[in-house]
Amino acid sequence: MSADTLCQTPFGALRLQRYPTRRDEPLQAWCGADLLLLEELHRLGAGGEQLLVVNDEHGALAIPPAAGQLWTDSALAALALAHNLEANGRPAIRVTWSTDAPAATPAVVALRVPKQLPFLEYQLARLADHIAVGSTVLAAGMDKHLSPRVASLLEHYIGPTQRHRGQRKARLFSACRDGRPAASPPGEAAYRCEAAGGELRAQANVFSRDRLDGGSRLLLEVLPRLSPAATVIDLACGNGVLGLAALRQGLATELVFADESAMAIASARGNVARLVPDLAGDCRFHHGDGLLAYTGAAAGLILCNPPFHLNHAVDEYAGRRLAAQCAAHLAPGGVLCLVANRHLDYTPVLRRSFRHISKLAGDRRFTVWRARRD
Ligand SMILES: C[S@@+](CC[C@H](N)C(=O)[O-])C[C@H]1O[C@@H](n2cnc3c(N)ncnc32)[C@H](O)[C@@H]1O
């Protein structure tokens, strides 16, 4: 059964859909943490230009109080916001990527606590530097995802913090910016990968920042068996490990790094500049929902270690969508090389878009698939 799309908030009701939209969507586009934040914003009379919303997923937090700005790492969240604004006939809300500082100085910040704690620390440190003494930072998350460290991190970076009552399986915190100088956030994480040419660095919200993912390790092993191509795409690139290895092995004339995370794209860009400076001119970077808005050359080869989580939910739908997009952006005869957890059967997914499918490698946890376009 599809989830309800009518979201009742203290600012009024609105229709909200998740992005990407799918038929019979079982999940709502908002959660208890969004409602707690909205109730507190309403009680404070906060909204409009004075309000900065952080990490809103589908617009539930930014649209009702007409926030001045959304600060996010996620191109999917920006698309969700745009679709729901249009569907509700509301004017656009400015989006600033997490890699940049928020554009204006807000009096109130409403923040959904992100999954990665280093990312929360990064955001709090930047906010502390940005907001005025006396400003309020409201933060909330769902109980099952909240780290016990949230209150102490707010206290450390922002100032005196209150832990409010729990409600709707969520928890609200409020912190008031005090006059201490802003603390520095933790630095980038890194690991060495010989195939990629050295140390791969990654910003705070990047997948597998401090160790090579097991799926990518298996995919790296099969790279020498793949044919070179004029354009190769590292789709869902994270820190860029797969694309860098392909470049160093002479598999690509041009390499496109694509990801929905602004920090992933910035990290891949930084790793290219440090590890293969002579080849940086052959690299392009695409921040968006997979290849939906990609307008570059069709690829001869796409390498992909797709997500099997969407935020907190295990969701193979994300990988399925990316596989279908690949078929649309491969040149005739082009190959998709995709690694997936062994328990997710990609055969039916790949069969929808490709006629020629084979398994290239497998281990206890992962399978590498090869799918070729006619
Ligand atoms: C399993 S990680 C792989 C990262 C990297 N290739 C590696 O092996 O370390 C999946 C990546 O997919 C990205 N992602 C999730 N949904 C996406 C989408 N719709 N479009 C583009 N990238 C997406 C995530 O930001 C994440 O970096």
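Good morning, colleagues. The domain assignment of this protein gives two parts, domain 1 (6–176) and domain 2 (189–372). What you see is a predicted model. Taken over C-alpha atoms, the centres of domain 1 and domain 2 are separated by 30 Å. To the contact, domain 1 contributes 19 residues and domain 2 contributes 15 residues. On the side of domain 1 that touches domain 2, helix H2 (75–87) and helix H3 (117–130) each supply at least two residues. That side of domain 1 divides into 10 nonpolar, five polar and four charged residues.

As a general remark, nonpolar side chains in soluble globular proteins tend to be buried together.

Setting aside neighbours within four places in sequence, Leu235 is in contact with Ala258, Gly290, Leu291, Ile302, Leu303, Cys304, Leu322 and Cys326.

Next, the ligand. Around the ligand there are 21 residues, of which Ser216, Ala236, Gly238, Glu260 and Ser261 come nearest. Helix H6 (241–248) and strand E13 (252–259) each supply at least two residues of this shell. By class, the shell comprises 10 nonpolar, seven polar and four charged residues.

Strand E1 (residues 6–9) pairs with strand E2 (residues 12–15) in the antiparallel sense, over four bridges. A hairpin of two residues joins E1 to E2, and Leu6 stands opposite Arg15 in E2.

My last point concerns Gly45. This residue is located in the loop between helix H1 (32–44) and strand E3 (51–54). Is Gly45 buried or exposed? Gly45 counts as exposed, because it has 9 C-beta neighbours inside 10 Å, and the limit for an exposed residue is 12 or fewer. Gly45 and His343 are 298 residues apart along the chain, and their C-alpha atoms are separated by 49 Å.

Thank you for your attention.

Technical notes: Residues numbered from 1 in each chain as written. Predicted model: local features only at pLDDT ≥ 70, side-chain atom pairs only at ≥ 80, totals over all residues. Contact = placed C-beta atoms within 7 Å. Near = placed C-beta within 6 Å. Nonpolar A, V, L, I, M, F, W, Y, C, P; charged D, E, K, R; others polar. Buried ≥ 20, exposed ≤ 12 C-beta atoms within 10 Å, placed from the backbone. Domains from an automatic or database assignment. Pairing = 2+ DSSP bridges.
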